[in-house]
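Dear colleague,

I am handing over to you the structure shown below. Please look through it first; an account of what was found follows.

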Amino acid sequence: MKTFLLGAAVFVGAFILLARESTTIPVSAATLPKVVLHAESIAPRAIEQRTGEMVTHDYAQAWQDFATCVDANRTDLLNELFTGEAKTRLTHLIADQRKAGLRTHYEDHGHEVKAVFYSLDGGEMQLEDTAQLEMQVFDGQKMIYSATSPRKYLVLMTPGPDRWYVRALESVGDDAF
Amino acid sequence: MRIPITFCALLAAALSAFAQDDVLHAPKTVTAGSSFVVSTSGQGSATFYLLGPSHVAKRTIQLGQTITIPASDLATSGTYQAVACSSSCSTAVIQALPAAPARVSFLLHPSRVPVSRGNAINATAFVFDRYRNTVLNPAKVDFHITLPDGPTMTRMGQTNRGVTWFEMGSTPKQGRLQILASIADVSEPRVIQQVASDACRLHMNAAPAGRYVKLETDPIRDCAGNPLPDGTIVSFTKIDNAGRSTVDTPIKKDKASAQFQLSGNARISVACGVALGNELSVGGRQ
């Protein structure tokens, strides 16, 4: 499915990694939300360019998977890029939504992501995400809630054999960062 | 499609904002894992929704009464929306803040490290509340370090966005190095095995015996005096009239030994990893 999307769909997403040296590296992928990664102040180790590109891509893909799952109340896509507490929580959320007859629709207008922590052994990366989201919650056909304000997320990503997983995706208050 | 969605979103947001003050009254912030009360105004029945980051709940309420949100509905920190819908929907936004530090997730790397290596060990600790929410307020983490030869020392770290880290060098003595990360009344121990480093002052002795020569090293240790573990491979190489011959043999009880058949005068060398030992010239029968 992912291969199909990457290969066949129109290229509308653009990812930009603002690396430690403030260079800009555009990376394109298909139909994914826009993610801009800033890595100037990451510590204690610098982020490699290829790593930054992978994190950017996988985080965007994770958001697309997440939006699809909560809109259709399906959990299968959560296996692709979510793990640990993030996967547990989202699975729980979708089960609750299904039980209550709710669904959530996101219009994703992009993410300004700041990489703030990258462990010395390369095993964990913490991100601060300011997301521009339109969120609509439906009970059956009735929209019961809608919001367009920016949302902030504290994210923990960990590497797997061929991708970066979202291990924690926590919404935080406006003044958190 | 974008225009209608955006329009609907703005319209609903405006309606929600208008209705929020009238129907729902909730605290702006609460602590994760604590119950709270939402008061309502109006008359008649409505459907109440609590929309959270990992949990949603739905029930019928009577407007004008208070709604108690149980602690179990608010375990995850983050942004919640309380929504009451009758003919229209009203919303109140609640921010659930992480509770007090109660868990520490401690990562120590690597699991084995040679002695006397600068900044070879790194430690990372994540601090969570009892519901696995990252504690955003700075929290102090104590790292109690127990060295292989007994003494202990403590390093203090302060979290930033729930994480703190440090790095340190391995100590000269091989053995078990334990680090205990502590916060509040919880501790997480991790152990690193410090192992001998490269061989140092590698030396062998030869004992000719007719057409053969028996070779044995002195006890093999690193520069800090730690014995290299049994099984470490030592290579003996002989060059004589028969050509070049190498024997790889494991250390047993601190020493390695080998035996060569000689063909004329031979030069024999010994090596272990990156360490080269002495070289011997041994005379043999033609």
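The model is a predicted one. Chain B is made up of one helix and 25 strands. With a radius of gyration of 35 Å, well over the 19 Å that the globule rule gives for 286 residues, chain B is more spread out than a compact globule. Along the principal axes, its C-alpha atoms fill a box of roughly 115 × 50 × 25 Å. Buried residues make up 36% of the 286 residues of chain B. As for contacts in chain B with a separation of 6 or more, 58% are between residues 24 or more positions apart.

May I next draw your attention to a sheet and a hairpin within this chain.

The sheet is open and consists of three strands of chain B in the order 9-11-14, with antiparallel pairing. Its edges are strand 9 (101-109) and strand 14 (163-168) of chain B, each of which pairs on one side only. From one strand to the next, the twist averages 20 degrees. Strand 11 (residues 121-129) of chain B runs antiparallel to strand 14 of chain B, and six bridges join the two. One residue pair to look for is B:Thr124 and its bridge partner in strand 14, B:Trp165.

B:Lys140 has B:Gln158, in strand 13 of chain B, as its bridge partner. Five residues lie between the strands of this hairpin, where B:Gly150 takes a positive phi near 110 degrees.

Finally, I turn to the contact with chain A.

Chain B gives 36 residues to this contact and chain A gives 35 residues. On the side of chain B that touches chain A, the elements that give two or more residues include helix 1 (2-23), strand 4 (45-51), strand 5 (56-62), strand 7 (78-85) and strand 8 (89-97) of chain B. Strand 9, strand 11 and strand 14 of chain B are also among these elements, and these are the strands of the open sheet described above. Which element gives the largest share of this side of chain B? Helix 1 of chain B does, with seven residues. By type, the residues of chain B that touch chain A divide into 17 nonpolar, 15 polar and four charged.

With kind regards

Key:
Residues numbered from 1 in each chain as written. Chains lettered and ligands numbered in written order. Predicted model: local features only at pLDDT ≥ 70, side-chain atom pairs only at ≥ 80, totals over all residues. Pairing = 2+ DSSP bridges. Helix = DSSP H or I, 4+ residues; strand = E, 2+ residues; numbered from the N terminus. Rg over C-alpha atoms; globule rule 2.2 N^0.38 Å. Buried ≥ 20, exposed ≤ 12 C-beta atoms within 10 Å, placed from the backbone. Contact = placed C-beta atoms within 7 Å. Axes fitted to C-alpha atoms, helices over the stretch in contact; angles between N-to-C directions. Nonpolar A, V, L, I, M, F, W, Y, C, P; charged D, E, K, R; others polar.
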